[in-house]
Amino acid sequence: MTLELDIVSVGMVTAVGLDAPSACAAMRAKLDGFQETRFVGPGGGWLVGAPVPLPRKFTGEKRLAHMAAAAILEAFEPVPEAHGTAALVLCLAEDRPGRIAPEAPRLAARIAEITGIASPHRTRIVAHGRPSGHVALDQARRLLADRSVPYVMICGVDSYLAGLTIDHYLAERRLLTPENPNGFIPGEAAAAILCARPGNGAMRLLGLGLAREPAYIYNPTDLPLRGNGMTAAYRMALDASGIDMRDIGYRISDLIGESYFFKQAAIASLRLVRGHHGFQDFWSPAESLGNVGAAVVPIAVGMAMTAAKKGYDRGDPVLIESSGDDGSCGALLLTAGRMSRRRVAA
């Protein structure tokens, strides 16, 4: 039983574009959506964030539902026959202070109402924050492999722009402010990717790894960071695809600006690279969008797919990684080139 899948289409709603083409073009151009918010920072000035410029001033659960619905409908446009048959996997924030729309089933119902999705399959909820997309892809490939569904729509939606959330991360000294350069910019976004069985899409999932880092950012025992979790996730994805780390074309990471996550990614790469290898470019959506939580992996997949289609990608295959505050780590390999065709022939 194969556990591969293809990415068929994408949709995005971000601070730099309300659809995938415009968002990817803006991120390629290194534009950002950073602006002063109405949240007060520690020095009394306005906190910088990356809000989505929705045409209507929706707030709370309604805002998230409309963002997610727009991304899903965009991803359905090239494949209208999937609209009534795809299973939905919804990627949401982890259990953190101030989380918007904590009642996931109600949010899912609201999204279904807006999009008009009448799928016979129940919606699956993955609430692990940034690594949710990796977990969702693992679920999607299993659903597709046992032929229980023809398509799986993965949608990630999240927002750090909520009062209690801002207060919490300010108290933890984790937001980027003039007084704290080692922090992240709070953002929000939604992104969707439509998945199908191999042979139906532009990009193929070759390998996926999920692991946990014992020395996570809130680790109370002060264990030294050795990158064990991300290294294990890399290794699982590489072993599944039969590819060496030095053969990766480039990487896309969910790095949000804090030094901990930079160190984790660097250590994992150094532990697995053997022998000489060429330059590996490194992209991060956070450079334009800030920390967008559970939306980041679908955004990264969309970035890779758009880059491959437009011919500005930095090699094949691409490795996409993410990690959460609780130590959860994910890595996956996508290809759009000859490697995909060789595996089909095999």
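Is Trp283 buried or exposed at 10% relative accessibility? Trp283 counts as buried, where buried means under 20% relative accessible area, exposed over 50% and partly exposed in between, with a 1.4 Å probe and protein chains only.

Before we go on, a word on the model: it is predicted, so local features need pLDDT of at least 70 and side-chain atom pairs count only at pLDDT 80 or more, while totals for chains, interfaces and linings use all residues. Residues are numbered from 1 along each chain as its sequence is written, and side-chain values use heavy atoms, with hydrogens and water left out.

Now to the rings. The whole structure holds six aromatic pairs (rings of Phe, Tyr and Trp, the last by its six-membered ring, with centres within 6.5 Å; planes under 30 degrees apart are stacked, over 60 edge-to-face, the rest tilted). One of them joins Tyr160 and Phe184 edge-to-face, at 5.5 Å centre to centre and 70 degrees between the planes. Tyr160 sits in the loop between strand S6 (151-159) and helix H5 (163-171), and Phe184 in the loop between H5 and strand S7 (188-196), 24 residues apart. Helices (H or I, at least four residues) and strands (E, at least two) are DSSP runs, numbered from the N terminus. Tyr160 is buried at 1% relative accessible area, and Phe184 is buried at 1% too.

Tyr250 and Trp283 have ring centres 4.6 Å apart and planes at 50 degrees, so this pair is tilted. Because Tyr250 lies in strand S9 (residues 250-253) and Trp283 in strand S10 (residues 281-283), the pair ties together parts 33 residues apart in sequence.
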